[in-house]
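Student: Please take me through one part of this model in detail: the open space in it, and what sits around that space.

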Amino acid sequence: MPRPYVVLSVAVSVDGYIDDTIPERLYLSNEADFDRVEVVRTKCDAILIGAGTLRRDNPRLIIKNPERLAARAAAGEPAHLQKVVVTGSGNLDPAARFWHFGVEERIPIAYTTDAGAEKLRDRLGDLAVVVSLGTAVDFGAMLDDLGNRGIGRMMIEGGTSIHTAVLAAGLADELHLAVAPLLVGQADAPRFVNPAEFPGGSRRRMKLVDVTQIGDVAFLRYFPKAESDGN
């Protein structure tokens with residue numbers, strides 16, 4: 001089976017941060033952009049986050065709009081997306097909202113390492129399908145497994161380590177970047193990506209395919225892969 005088409009979605013400050021160091025969550029997008037994100041979600045089969053995002057934001061990752069839920073049902077699709085989380089350590093809280101909302105039709109999948117798998121199975125029980133990717137997290141192997149599970153299109157919503165790994169491995173088909181009109185400037189705050197060796201290095205330009213103003217947010221859509229990779 002083919003790998004899922006991967007849409008990497010992120011909101012950043014002008015200086016490239018996805019959060020600040022204040023305990024309360026920093027909301028970078030506005031309401032109109034949050035709605036845009038949900039529209040993108042409804043067109044996907046699965047949604048993925050990393051363990052850090054699950055711990056920090058405690059998201060539900062559900063589709064909220066009743067009309068969009070009804071449209072998915074009318075099309076014969078599950079109401080909510082297949083939820084996916086990636087963790088190397090297996091240190092996830094079974095009380096997190098991720099496991100308990102929008103999971104009536106599909107149990108979340110937790111991808112981890114050999115070391116994290118046993119811990120996760122003990123902690124989560126029947127809350128998740130636990131899949132080991134070996135001694136380290138192999139994102140290519142994860143996409144192969146998701147393709148075999150019938151996932152055709154997947155949205156990735158962070159955080160930093162996930163964005164970095166997916167882009168460094170050349171696995172993102174689209175990059176959706178919402179730029180908020182603020183500066184964070186805190187050295188210890190999480191950035192969009194960490195230092196890494198990205199395909200083509202600093203001299204390869206991604207293809208920009210859309211620029212849209214959404215209130216005070218600038219939405220940019222890129223094809224990260226080279227033309228020879230299929231875009």
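Tutor: Let's start with what lines the largest pocket: 15 charged residues, 13 nonpolar and eight polar. (Nonpolar is Ala, Val, Leu, Ile, Met, Phe, Trp, Tyr, Cys and Pro; charged is Asp, Glu, Lys and Arg; the others, Gly among them, are polar.) Bear in mind that this is a predicted model, where local features need pLDDT of at least 70 and side-chain atom pairs pLDDT 80 or more, while totals for chains, interfaces and linings use all residues. Residues are numbered from 1 along each chain as its sequence is written, and side-chain values use heavy atoms, without hydrogens or water.

The largest pocket comes out at about 950 Å³, counted as the space filled by probe spheres set on grid points joined across faces, edges and corners. (On a 1 Å grid over the protein atoms alone, a pocket is an open set with protein on both sides within 12 Å along at least five of seven lines; a cavity is a set where a 1.4 Å probe fits but cannot get out; lining residues have an atom within 4 Å of a point.)

Its lining runs to 36 residues, and the ones nearest the centre are Arg25, Tyr27, Phe34, Arg41 and Glu157. Helix 1 (31-42) is the biggest contributor to that lining, with eight residues. Strand 1 (5-13) and helix 2 (51-57) also supply at least two residues each. (Helices are DSSP runs of H or I, at least four residues; strands are E, at least two; both are numbered from the N terminus.)

(Rings of Phe, Tyr and Trp, its six-membered ring, pair with centres within 6.5 Å; planes under 30 degrees apart are stacked, over 60 edge-to-face, the rest tilted.) Tyr27 counts as exposed because its relative accessibility is 51%, while Phe34, at 30%, is partly exposed. (Buried is under 20% relative accessible area, exposed over 50%, partly exposed in between, with a 1.4 Å probe and protein chains only.)

The count is two aromatic pairs. In the other, Phe98 and Trp99 have ring centres 4.9 Å apart and planes at 85 degrees, so that pair is edge-to-face as well. Here Phe98 is buried at 0%, and Trp99 is buried at 2%.

On to the second largest pocket, with a volume of about 400 Å³. Leu167, Phe198, Arg204, Met206 and Pro224 lie nearest its centre, out of 17 lining residues. By class, that lining has 12 nonpolar residues, two polar and three charged.

Leu167 takes us into helix 6 (160-168), where Thr160, Ile162, His163, Thr164 and Val166 are buried along with Leu167. The buried residues of helix 6 pack against strand 1, strand 2 (46-50), strand 3 (82-86), helix 5 (139-148) and strand 6 (153-156), with contact set at heavy atoms within 4.5 Å. After helix 6 comes Gly170, with a positive phi near 70 degrees.

Pro78, His80, Leu81, Gly102, Glu104, Glu105 and Arg106 line it, which splits into two nonpolar, two polar and three charged residues.
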